[in-house]
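Let's take a friendly walk through this structure, one topic at a time. Have the viewer ready, and we can begin with the space inside.

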Amino acid sequence: MFGKKSKLERVKADAKADYLKCGALDQEDRLHRVFSARIAQRARLNLDKIFVQGAKAEESRQLALAEALKAGKELPPRIQHEGYNQLQGVSGSVVSWVPEELANRMFNLGADYQIQEVSAHEALLEADKIAECIVEELQTTQSIQLLGLLREDSSSEDED
């Protein structure tokens, strides 16, 4: 009754509460700014992970689509992301949450990038819009730049 599932649910609830609490904090208070910056960094890592999850899920979905087409079955839809991810940090493991709307935008962006429906440039532009939403919701002065690996790949291609 009080096993791992209830602990996981509590951890998820805490992650969501931490995210939602940031918008109501007094940003003049140094401790509040530090807290918001920490949650913003978790959100950044979470969204980057969601992008990769979207790309991997779409790769599997494409195989399932081919099988469904061959068999004349119903085509599998894209899954929805709930916004939670476990992150590894220096102090151990932590759960991060971002709103489902933003999580799904990022998940679908990763999926679309995987099947080349969006270019790297388009993916970065959309990721910047998502980052702006995070900064606004968290009321933080912390700068958030999503898809750093993709940015590095794009800049090295531009140099060639």
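## The cavity and its lining

The lining of the largest cavity is made up of five nonpolar, one polar and two charged residues. In this classification Ala, Val, Leu, Ile, Met, Phe, Trp, Tyr, Cys and Pro are nonpolar, Asp, Glu, Lys and Arg are charged, and the others, Gly among them, are polar. The lining residues are Ala-15, Asp-18, Tyr-19, Ile-39, Arg-42, Val-95, Ser-96 and Trp-97. Helix H1 (4-22), helix H2 (30-71) and strand E2 (92-97) each contribute at least two of the residues that line this cavity.

The structure holds one cavity of 30 Å³ or more, and the largest cavity has about 60 Å³ of space. A cavity here is a set of points on a 1 Å grid over the protein atoms alone where a 1.4 Å probe fits but cannot get out, and lining residues have an atom within 4 Å of a point. Grid points are joined across faces, edges and corners, and the volume is the space filled by probe spheres set on the points.

## How to read the model

This is a predicted model, in which local features need pLDDT of at least 70 and side-chain atom pairs count only at pLDDT 80 or more, while totals for chains, interfaces and linings use all residues. Residues are numbered from 1 along each chain as its sequence is written, and side-chain values use heavy atoms, with hydrogens and water left out.

## Overall layout

The chain has five helices and two strands, and its elements run α-α-β-β-α-α-α from the N terminus on. Helices (H or I, at least four residues) and strands (E, at least two) are DSSP runs, numbered from the N terminus. The C-alpha trace spans about 60 × 55 × 25 Å along its principal axes. Of the chain's 160 residues, 35% count as buried, where buried means under 20% relative accessible area, exposed over 50% and partly exposed in between (1.4 Å probe, protein chains only).

## Two helices, end to end

H2 has 42 residues and reaches 60 Å from its first C-alpha to its last, close to the expected 62 Å. The expected span is 1.5 Å times one less than the number of residues in the helix. At the start of H2, a side-chain oxygen of Asp-29 comes to within 2.8 Å of the backbone nitrogen of Leu-31. Just after H2, Gly-72 has a positive phi of about 70 degrees.

H3 has 15 residues, and its reach of 21 Å is close to the 21 Å expected. Its buried residues include Leu-102, Met-106, Phe-107 and Leu-109.

Most residues other than glycine have a negative phi. Gln-116 has a positive phi near 60 degrees and sits in the loop between helix H3 (100-114) and helix H4 (120-138). Leu-147 also takes a positive phi, near 60 degrees, in the loop between H4 and helix H5 (148-159).

## The cysteines

How many disulfides does a search of the whole structure find? The search finds zero, a disulfide being a pair of cysteine sulfur atoms within 2.5 Å. The sulfur of Cys-22 is too far for a bond because the closest cysteine sulfur, in Cys-133, is 16 Å away. Cys-22 counts as buried, at 0% relative accessibility, and Cys-133 as partly exposed, at 27%.

Technical notes. On a 1 Å grid over the protein atoms alone, a cavity is a set of points where a 1.4 Å probe fits but cannot get out, and a pocket is an open set with protein on both sides within 12 Å along at least five of seven lines; lining residues have an atom within 4 Å of a point. A polar contact is a pair of N or O atoms within 3.5 Å; within protein, one must be able to donate a hydrogen and the other to accept it, and residues adjacent in sequence count only if both atoms are side-chain atoms.
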